[in-house]
Amino acid sequence: MDCYTANWNPLGDSAFYRKYELYSMDWDLKEELRDCLVAAAPYGGPIALLRNPGRKEKPASARPVLEIYSASGVPLASLLWKSGPVVSLGWSAEEELLCVQEDGVVLVYGLHGDFRRHFSMGNEVLQNRVLDARIFHTEFGSGVAILTGAHRFTLSANVGDLKLRRMPEVPGLQSAPSCWTTMCQDRVAHILLAVGPDLYLLDHAACSAVTPPGLAAGVSSFLQMAVSFTYRHLALFTDTGYIWMGTASLKEKLCEFNCNIRAPPKQMVWCSRPRSKERAVVVAWERRLMVVGDAPEGIQFVLDEDSYLVPELDGVRIFSHSTHEFLHEVPVASEEIFKIASMAPGALLLEAQKEYEKESQKADEYLREIQELGQLPQAVQQCIEAAGHEHWPDMQKSLLRAASFGKCFLDRFPPDSFVRMCQDLRVLNAIRDYHIGIPLTYSQYKQLTIQVLLDRLVLRRLYPLAIQICEYLRLPEVQGVSRILAHWACYKVQQKDVSDEDVARAINQKLGDTPGVSYSDIAARAYGCGRTELAIKLLEYEPRSGEQVPLLLKMKRSKLALSKAIESGDTDLVFTVLLHLKNELNRGDFFMTLRNQPMALSLYRQRIEGRVAALQAAADAFYKAKNEFAAKATEDQMRLLRLQRRLEDELGGRFLDLSVHDTVTTLILSGQNKRAEQLARDFRIPDKRLWWLKLTALADLEDWEELEKFSKSKKSPIGYLPFVEICMKQHNKYEAKKYASRVGPEQKVKALLLVGDVAQAADVAIEHRNEAEMSLVLSHCTGATDGATADKIQRARAQAQKK
């Protein structure tokens, strides 16, 4: 136990701090850390490195390389940087890497170096360039704050919902501040900056000068500032070598420490445990690390290599070229159990269990002492809690064995906390493995939640481990295994070197009928990757037609969507597809499609019949109300009624409901001519309009036989030229010539020209001795084929002029 506390360092009389190694880093760094832009994500997150050209010059041909590693130094991605100069790197809460360029463009990359998106911080930033930037986290998401060359600040509190905010100007600011940071107070992002001996707090409305209470005299500049992980506390390093620590609101001073070092530190971060009354700050120089707090003396460590600090919820990660360590305050439970000469219940229980393993009677003595004080439940709980804060599995097992030993002598000790701790530690030990590289502490794990941890494993494509954790913790399938398998399938469809058939088969074999898995979502991802055929294959495994149909319509596979909708037996789904088809296809193709699907045609007819009945009822009600109104109307109302009728007469068809026309056309197309004519009479559609509707509908269907019958049913009120025009539009010259022979003399020339009979058109024009018609025929003559016809017209014109 004495050996166990060898790395404990006291800070004052009330707290100990320890530093232990997480990993021995085997990464093959191409640059020293001091020559790179470095960003490490909290909660045991990844590390990104990019050579900083401002620190170390290389030939122009040597482009920097962006490298991403796990916290254990395992390479995750490496890509040649081909974009503009980068000012700052940072990780979002979703573990996306944000790269802030000099021009204010922020490039967003995934954990594996895949480019996600980009956004700009605005024209002002583009014009004045970026001097410095910070990526910060709030309850709303991850934000970016920019300091421009004009010494103005611009920020967005949430890059997922980008809303740029230009902060107020700092009076008299002519150069970059000596230091600055972002803070979040009252759900609003602020900027705190130092200009000489003055501090300014910027919010969305004003710039306010602030003064830290109890600051030592003689300060002429602030060299570094740090905000705690939860934005509750603030530390300021002054040019006098003092560190002021207080609340972030700058209303209360906690303590002040004299480092006796005036050189500006490379980094300064807070190191405090949740719910602990102790407050400490870690300050790093080139080869020295110091932990300071409310104590006369600090804790000092020698740094053998260039190191980087990563603030965490309950401590500080410190990584260098060769090691990755964790510095934190020793938790209360661990301190009470392991400190020298401790008589805490947990310490006695741990000794009792060790003596029991040795078969020593001292075990009974220790156990009796705890029981006599009535502290056995507290002892068990202390051992369980201390086990959670231990990094090494052997010490975890020792503490849990002690807790299990103590439980045997308790009648009603609830086992939940013990079982849950065993489960949590098994999960934590699995993800702390070197090859996984997520060194979460127990406090971080509880803050992060198991769902977020699973998301991070999925992000790293560690699907088997994520599934094993879900099965071990017995999470509901929808939240656990099913969701992870769906993510795996969405990743699988992006592997374009594997054939569609193999990918679809592999996904189906792995997923099967797993509840909660949506094949349509996976198919949508495949379609988004440009693999339409794979998407269709995957949809074959989707048991819910309602999920298949929308994606098929999006992929413009409307006829297949109609077949799937019909198979489902869901009439609403069928009508949805029919409406889509009606808008997508021309009328002829639409009804030809319906003819090949009898069920769809039957449903459509039913719908039309219902619509007709509704329209007829509406017409009856309208005219009935109108007649009743006319019978009871006063003189003023009659004047209004006559005005309404005059407007109807003047505006004509504009007052007709277009849905009536559409319904009439649909009835004609579906072969219900009598009902169409009845509806047209009820709504007083003119004969000319009805003939146009029927002519267009039959031509769209290419039902030439029915069109011929219709043309002979009675004299056409629109003439026969429209018949010629509509037949030519459908590229049926044979039918067009037939109707051209029936066209009256006044439109004969136009009809003959439409069907391409220029010679006969010339004969008719000459016979009519009509100058306009002869000019029209001449405009259709071509020199190669119609030379003789043109000469004939010219001679006819000359003879007419002589007369």
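Which residue lies over the face of W180, and at what distance from the ring centre? In this predicted model, R134 takes that position, 4.3 Å from the centre of the W180 ring.

Aromatic pairs number 18 in total. One of them joins Y23 and Y434 in an edge-to-face arrangement, with 6.4 Å between the centres and 70° between the planes. Y23 belongs to strand β2 (residues 15-24), whereas Y434 is placed in the loop between α7 (416-432) and α8 (442-448); the pair therefore ties together parts that are 411 residues apart in sequence. Y23 has a relative accessibility of 5% and counts as buried, while Y434, at 26%, is partly exposed. The pair of Y720 and F723 is tilted, because the ring centres lie 5.4 Å apart and the planes meet at 45°. Both Y720 and F723 are buried. An aromatic cluster is formed by Y4, W8, F16 and F338.

The surroundings of N158 were also examined. N158 is located in the loop between β13 (153-156) and β14 (165-166) and, with a relative accessibility of 23%, counts as partly exposed. Apart from neighbours within four places in sequence, N158 contacts F140, G141, S142 and G143. For G141, the C-alpha to C-alpha distance to N158 is 5.1 Å, at a separation of 17 residues in sequence. The N158 side chain also reaches the backbone nitrogen of G160, at 3.0 Å.

How values were computed
Residues numbered from 1 in each chain as written. Predicted model: local features only at pLDDT ≥ 70, side-chain atom pairs only at ≥ 80, totals over all residues. Heavy atoms only, no water. Helix = DSSP H or I, 4+ residues; strand = E, 2+ residues; numbered from the N terminus. Buried < 20%, exposed > 50% of the residue type's maximum accessible area, 1.4 Å probe, protein only. Contact = heavy atoms within 4.5 Å. Polar contact = N/O pair within 3.5 Å; in protein donor to acceptor, adjacent residues only side chain to side chain. Phe/Tyr/Trp six-rings, centres within 6.5 Å; stacked < 30°, edge-to-face > 60°. Lys NZ or Arg CZ within 6 Å of the ring centre and 35° of its normal.
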